[in-house]
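Colleague: Before we discuss this model, could you put the sequence and the coordinates side by side? I would then like to go through some questions with you.

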Amino acid sequence: MSNQEIRAKARALYGKYFAAVLLIGLCGEGIQDILSGLFEAYYGAQVPILLTILTQFPLIPLTVGAIGCIEPLWTSEQVQLRRLFAFYAPASRLGQSLLLGIIPLAATLIVLVPSALLIMFSGSVVLYIALLIIVLWLFLRLQMATMLFASGRYTKALDALTASYQHMRGRILDLIGMTVVVLLPQVLITALLQALSEQNNGLWIFPALEILFAMLYVPYSMFAIQGWVLEEIKDSEQRQESQNKRNQSPILPKIKKGLEPRIQDFDDKQL
């Protein structure tokens, strides 16, 4: 399925299951964007990093659950909202989902701290940009991890991260194209509303419009990108299944089947 077809399917699902997709989008990414917008409106550009982390941390299992709701809706148009809170219990699943979310947050801190020191002491913007590119590349390679974990294909966060890294080999440029097309309107409109809000300080209409836009657009962008992830997983699984069939000898299963009664007789005699 091409990227254009994936975006068209995401729009169609959004229109057909508006309430469900809106709820999944809000639980997945919308709440975080809304909280970030409220923090920026209150604190300005200097939003405390620790505050952002503390508010996002309890939402990680909810985000994982929301992504887990996407596959049944995308593949068979089944609304299964009970998955939203499925990763808050039991404790083992909660721990794995938190680990899955902590690793990107930790990577963000690893980049922010050295980059801030580099700019402060050396003024080297080139090294800062290089660090950002490395982290972006890493995040793209791990893009499938949450879906692989939320769908139940893997029960361990590290296994899902490893599998995601392998799945994304050679697919990063395609994902970049998909992400740019989907997120560019969101970035431009959000930047415009933020600029209008700064120019009209104290006027509540522009922050309210920014929050409303995030509420309505994030579900579509989330479904489109996760739809791309699901299609890539499906293609990878089909390629793997086809490879397994080619590697399997057509004679060996018949030989094994013919030997089964003799093996059983041998076991009976030994007993």
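Colleague: Is Phe85 buried or exposed, and what is its relative accessible area?

Modeller: This is a predicted model, in which local features need pLDDT of at least 70 and side-chain atom pairs count only at pLDDT 80 or more, while totals for chains, interfaces and linings use all residues. Residues are numbered from 1 along each chain as its sequence is written, and side-chain values use heavy atoms, with hydrogens and water left out. Buried means under 20% relative accessible area, exposed over 50%, and partly exposed in between, with a 1.4 Å probe and protein chains only. Phe85 is therefore exposed, its relative accessible area being 55%.

Colleague: How are the rings of Phe85 and Tyr88 arranged?

Modeller: Rings of Phe, Tyr and Trp (its six-membered ring) pair if their centres lie within 6.5 Å, and planes under 30 degrees apart count as stacked, over 60 as edge-to-face and the rest as tilted. Because the centres of Phe85 and Tyr88 are 6.3 Å apart and their planes stand at 35°, the pair is tilted.

Colleague: Which residue forms one aromatic cluster with Phe213 and Tyr217?

Modeller: A search of the whole structure finds six aromatic pairs. The cluster that contains Phe213 and Tyr217 also includes Tyr220.

Colleague: How do the axes of helix 6 and helix 9 cross?

Modeller: Axes are lines fitted to C-alpha atoms, for helices over the stretch in contact, with angles from 0 to 180 degrees between N-to-C directions. Those of helix 6 (residues 125-141) and helix 9 (residues 172-199) come within 10 Å and cross at roughly 95°. Since 65 to 115 degrees counts as roughly perpendicular, under 35 as roughly parallel, over 145 as roughly antiparallel and the rest as oblique, helix 6 is, relative to helix 9, roughly perpendicular.

Colleague: In which helix is confidence lowest?

Modeller: pLDDT is the predictor's confidence in each residue, from 0 to 100, and the protein chain has a mean of 80. Confidence is highest in helix 1 (residues 3-16), at 94, whereas the lowest mean, 42, belongs to helix 11 (residues 252-270).

Terms used: Helices (H or I, at least four residues) and strands (E, at least two) are DSSP runs, numbered from the N terminus.
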